[in-house]
Amino acid sequence: MKQLVNTRNTYGGTLVELGKKYPNLVVLDADLSKSTKTILFAKQYPDRFFEMGIAEANMISTAAGLASCGKIPFVSTFAVFATGRVYDQIRMDISYSNANVKIFATHGGISVGKDGASHQMIEDLALMRVLPNMTVLAPSDALQTKKIVELMAATVGPMYARIGRASAPLIYSKEDMKNLKIGKGIVCQDGDDLTIIACGTMVDYALDASKLLKKENIQARVIDMHTIKPLDAKLLLKCAQETNALLTIEEHSIIGGLGSAVAEQLAEHGYAKKFIRMGVKDTFCESGDPQDLFEKYGLSAHHIVEAAKSLI
Amino acid sequence: MTLYNDELIHKLELIAVKIRKHIIDMLFRAQSGHPGGSLSAVDALVALYFHHMQHNPKNPKDPNRDRFILSKGHAAPAQYAVLAESNYFQLKELKNLREINCMLQGHPVCTYIPGIEASTGSLGHGLSFANGVALAGKLDDKKYHVYVMLGDGETNEGQIWEAAATASHYRLDNLTGLLDRNFLQIDGNTEEVLRLESVYDRWSSFGWHVLEINGHDMRQILTALEESMHQKNQPTMIVLNTVKGKGISFMENNVDFHGVPPNEIEYKLAMGELNLLQRKLEAEG
């Protein structure tokens, strides 16, 4: 039985810990602190928490102003409001200005579920990836989320990270995360027949798929590519050399996110491998239970298995 | 109330003429840029940088400095000229406005131009940024004051009103806005493009202390800035009633000079007018 942990609680809890370590860490939220769990920080450090109301554009630019005075602002809201809605503010005030602002979005992807397509952000990785200076992260489980939040606070520069709404199964131990580095992917499962490269919530699905594939004697390597930008090209190209096919899976549009980043590297380095990008196929999804949505839109473990077999 | 002696006013007025000459020269050389809104903003910028603000060009990142944010980034030539005359960088940089491989970008960028606090040019962001700076000042119990200049057309942007609400909600009395009310934006008169009046009522109703002054009168500008420093529990908006293209007869209130630089004849005429004004002021001194 998988142990599920709410990564939003992990985020809020980690902020509280970091608040002690970094007196200059501040947090901003746009009327969603109960959902993003920044409320945990707000309770502990009310002076360093700024409730910005339902005014996300203002929140992003305000965070940049705080950063210009040496603060480390963590800005949180749902991924859909944290990126697309405020793209110009991020572009000018954070990316172009190279501001030390950390945008930490929750409710990324379609596992938002019943709120429907309006709230299911499937373009954020693409939007953030195209911005110069921006680091783009999608942690997969609670312990990785904790480590990523710690690294974000410790590393200077603009960063975007997204987690999902739903609780995520634990993949790692504390020990596993000790040496986690931004920009260095993790080999979660070794295998030589093909490589499955996943990020965020899809890492667990990829691992499930690899177990199913093993039963059919297909050895899938699984990579947790928690950093979409800068992409760990070294690890990727190693996988391209050592396995005959590659597959990417992300809770995001197949356009512009992890799959695109991988495809760009493979093509530029001359790897004409068998390759499939899995994700939301250039469409909006709909209301429904996350599991039903994953089933309908092709993101379940058995979809990965089918895709993997088609590559072998 | 502080009284400002004639000598100070005269000195600042002379600097303002010099800045206007730089602007015309820069835009003529670049053959690109925004004369109208640069010229209307000059006098307030001169009052801030050459008298009112506590700042240190030798240490542009001094944590205790007063901050100025140019939200209407297209008036960059005015700020660049003021920064150069304040010795943030060499005057000769002004000759290379908007040139490739040179420092002075078409719009301000904070990562490498000394004295620029925020990268602007996309309208509507600067007041929010200034709020962040003011919030940090409150948090750290710093004595610095934050100034932000907005274009009047710029206040069409919804983000300005998000920021206006925030500044008043957080009682940012360490923040002073300057609204360059020149009544013109690219497509015409502000009241015809998207009505702004009553500007006074709008800012008042958002919880701001509002002052309305002649934005080209040095004494009025200094007095208003001083008053805004002493305002408690609320931010102040100084509505600078200005003339777009101020100082050049054929550019004044002429919307065609929003984003079009002078040609050679216009350049000579403009410099002639400014030289005349400069000589007149010098003779008075």
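Q: How far apart do the C-alpha centres of domain 1 of chain A and domain 2 of chain A lie?
A: The C-alpha centres of these two domains of chain A are 25 Å apart. Domain 1 covers 4-169 and domain 2 covers 186-311 of chain A, the bounds being taken from an automatic or database domain assignment. The structure is a predicted model, in which local features need pLDDT of at least 70 and side-chain atom pairs count only at pLDDT 80 or more, while totals for chains, interfaces and linings use all residues. Residues are numbered from 1 along each chain as its sequence is written, and chains are lettered from A and ligands numbered from 1 in the order in which they are written.

Q: How many residues of domain 1 of chain A are in contact with domain 2 of chain A?
A: Two residues are in contact if their C-beta atoms, placed from the backbone, lie within 7 Å. In chain A, 29 residues of domain 1 are in contact with 28 residues of domain 2. On the side of domain 1, at least two residues each are supplied by α7 (124-129), β6 (135-137), α8 (142-154) and β8 (168-169) of chain A; such elements are DSSP runs numbered from the N terminus, helices being H or I of at least four residues and strands E of at least two. By class, this side of domain 1 of chain A has 14 nonpolar, 10 polar and five charged residues. Here Ala, Val, Leu, Ile, Met, Phe, Trp, Tyr, Cys and Pro count as nonpolar, Asp, Glu, Lys and Arg as charged, and the others, Gly among them, as polar.

Q: What is the order of the strands in the open sheet of seven strands in chain A?
A: Strands of a sheet pair through backbone hydrogen bonds, either parallel or antiparallel. Two strands are taken to pair if DSSP finds at least two bridges between them. In chain A the order is β3-β2-β4-β5-β7-β6-β12, with mixed pairing. β3 (49-51) and β12 (227-229) of chain A each have a single partner strand and stand at the edges, so one side of each lacks a neighbour in the sheet. Within this sheet, β4 (residues 72-78) and β5 (residues 102-106) of chain A pair in the parallel sense over five bridges. Phe78(A) stands opposite Thr106(A) in β5(A).

Q: Which strands stand at the edges of the open sheet of five strands in chain A?
A: This sheet of chain A has the order β9-β11-β10-β13-β14, again with mixed pairing. At its edges are β9 (186-189) and β14 (274-280) of chain A, each with a single partner strand, so each has one side without a neighbour in the sheet. The twist from one strand to the next averages 25°; angles run from 0 to 180 degrees between N-to-C directions, and axes are lines fitted to C-alpha atoms, for helices over the stretch in contact. Strand β13 (residues 245-253) of chain A runs parallel to β14(A), joined by six bridges. Leu246(A) stands opposite Phe275(A) in β14(A). Helix α12 (residues 258-268) of chain A lies across β10 (194-198), β13 and β14 of chain A, at about 145° to β13(A).

Q: At what angle do the axes of α4 and α5 of chain B cross?
A: Two packed helices are described by the angle between their axes and the distance between the axes. In chain B, the axes of α4 (residues 126-139) and α5 (residues 158-169) come within 8 Å and cross at roughly 25°. α4(B) and α5(B) are therefore roughly parallel to each other, as angles under 35 degrees count as roughly parallel, over 145 as roughly antiparallel, 65 to 115 as roughly perpendicular and the rest as oblique. The crossing of α4(B) and α5(B) is left-handed, meaning that the near helix is turned anticlockwise from the far one by less than a right angle, whereas clockwise would be right-handed.

Q: How many residues does chain B give to its contact with chain A?
A: Chain B gives 21 residues and chain A gives 22 residues. On the side of chain B, the largest share, nine residues, comes from α4(B). That side of chain B divides into 10 nonpolar, nine polar and two charged residues.
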